Amino acid sequence: VKAEEIQSKILSSLDKTNGIPNTAKDSYFKSLDIEQVENVLKSLSSRNMVAYKRLEEEVWDLTKEGQEIAENGSHEVRVFNFIPTGEEGIPLAEVQKNFGKIAAIGQGKAFKNKWIKKNGSNLVRLVDSVEDQVQKSLIILQETHASSDKAALKELKSRKLVEPKKLVSFQIEKGPEFSLEVKKQATDLTLEMLQSGEWKSLEFKKYNFDAEGIPTAGGHLHPLLKVREEFRQIFFEMGFEEMPSNCFVDSSFWNFDTLYVPQQHPARDLQDTFFIKDPATCGPLPDFIDKVKQAHESGVDGSIGYRYDWSEAEAKKLVLRTHTTAVSGLMLNRLSKVKPFRPAKYFSIDRVYRNEAVDATHLAEFHQVEGVIADKNMTLGHLISFMDIFFKKMGITNLRFKPAYNPYTEPSLEIFSWHEGFQKWVEIGNSGMFRPEMLIPLGLDPDVRVAGWGLSLERPTMIKYGIDNIRALVGHKVDLSMIKSNPSCRLDKKMGREVFGIQE
Ligand code: PHE
């Protein structure tokens, strides 16, 4: 039955009568699927066209055997009818052959009712005809789901011909918006409706806030982005500003020279850095190139410099930036223009590129997490205690620092933490105090100290998500279902220990 048919039947019945007191008592509705009727009622009542009540009643219904008897007659009547009239009757064996399993019940009941008797091995009728009360009661019960005859009902129950059942039905009345015709409701407000003014006369479908909706198919964050977000929150919590790190191509000047990386440094070789072919060089360099040149050639602030002829052409070569410290340098140069000096804390988390041999843990591009702090009178002690706090936010305590070398920091410290699983100290980052040879040409006052540090984003992400090959995390071999299903990340204390594999 179509929903429209049920709908118009409900409306026309309501139109003719004052209401439908009980659909179970209506020959049309009685035969319909309850759920379908309820859906039609829900939709009509949501529009106030009808009001309805759901009725639930415990009633009697026929069992499978009961239905069979309602159709074919009771076993006892069928056995009785099988026996011919007359003194001779029929051999018991015949009855058993004909009725099989039900022969015994049929005979038993027929004996009890005094309809038949035994004559030797034959069954003989005692009366001429019998009435099938059982079948009659069952037929009435099938129609009305009730019986006025208590004894008969008791008998049917004990013979397991009837059983209790929950009967759902509806009481339906007209609603305030009752009408025989169901106006089609508009679902979306369109531009055309607004322009034509049609929206004024239209009836709009109510919004169903309980609808499940279509599951969204897209919009999953890559694990690197999830971990990045966690680091960002730690930085924000500690009062850092995010640096604009969206300049992936930069000049050698910003990537190396301002950071006091000499032009002969191996990091500036083709084997280590990607140089841009077209355009191969940048436009005019900033106005402080002379200071950078001087720092490299003869030094600043008591330093003697590297003592070579600094080349502007070399500084103009464009590269894919090899570290985000290029951005830190730019930001420190901008900071130097703020007068009077104000302390600053900057961070960035973005891509860097290196011409590396690609293997399971290295790609030619990766993300650096970088932070710098600029203030007067800062010392190495501040950097170390800051590292303690920063890593503690991820549950990583018990740091150790090892002297290292960076062209732009002195002292430089590699940061280590104890790895319980590997039973050894593992490097988790690199840091240092930026050199005056870098800071003075950038324009900072000589008493401004800047501490910086960096770590990779990939390493904690791979550990956190149990990925042991970087190609499963970045590139064309990434399994998209992994991106969709992996959980969000929290670099809280517990998580941090797990991510870095470290225990207190
Ligand atoms: N740029 C360094 C690297 O690539 C990280 C770093 C940043 C070190 C700032 C010291 C200061 O490893």
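**Figure 1. Domains of the protein chain.** Domain bounds here come from an automatic or database domain assignment. The model shown is predicted. Its protein chain is divided into three parts: domain 1, domain 2 and domain 3. Domain 1 is built from two stretches, 3-64 and 139-174. Domain 2 covers 75-131. Domain 3 covers 224-500. The C-alpha centres of domain 1 and domain 2 are 41 Å apart.

**Figure 2. The shell around the ligand.** The space that the ligand takes is the largest pocket.

**Figure 3. Side chains facing ligand nitrogen and oxygen atoms.** In H323, a side-chain N or O atom is 3.4 Å from a nitrogen atom of the ligand. In T325, a side-chain N or O atom is 2.8 Å from a ligand nitrogen atom. For R354, the ligand atom is an oxygen, and the distance to a side-chain N or O atom is 3.0 Å. Taken alone, the ligand would expose 320 Å². The protein buries 91% of that area.

**Figure 4. A cis peptide bond at P279.** D278 and P279 are joined by a cis peptide bond. Omega is about 0°. P279 sits in the loop between α12 and α13. Helix α12 spans 252-255 and helix α13 spans 289-297. Most peptide bonds are trans.

**Figure 5. A cis peptide bond at P411.** Here E410 and P411 are joined by a cis peptide bond. Omega is about -5°. P411 is found in strand β12, which runs over residues 409-419.

**Figure 6. A positive phi at N48.** The backbone of N48 has a phi near 60°. That is a positive value in a residue other than glycine. Most residues other than glycine have a negative phi. N48 lies in the loop between α3 and β1. Helix α3 spans 34-46, and strand β1 spans 50-62.

Note on methods:
Residues are numbered from 1 along each chain as its sequence is written. This is a predicted model: local features need pLDDT of at least 70, side-chain atom pairs count only at pLDDT 80 or more; totals for chains, interfaces and linings use all residues. Side-chain values use heavy atoms; hydrogens and water are left out. A polar contact is a pair of N or O atoms within 3.5 Å; within protein, one must be able to donate a hydrogen and the other to accept it, and residues adjacent in sequence count only if both atoms are side-chain atoms. Accessible areas come from the Shrake-Rupley method with a 1.4 Å probe; for residues, only the protein chains shown count as cover. On a 1 Å grid over the protein atoms alone, a cavity is a set of points where a 1.4 Å probe fits but cannot get out, and a pocket is an open set with protein on both sides within 12 Å along at least five of seven lines; lining residues have an atom within 4 Å of a point. A molecule sits in a cavity or pocket if more than half of its atoms lie within 2 Å of its grid points. Helices (H or I, at least four residues) and strands (E, at least two) are DSSP runs, numbered from the N terminus.
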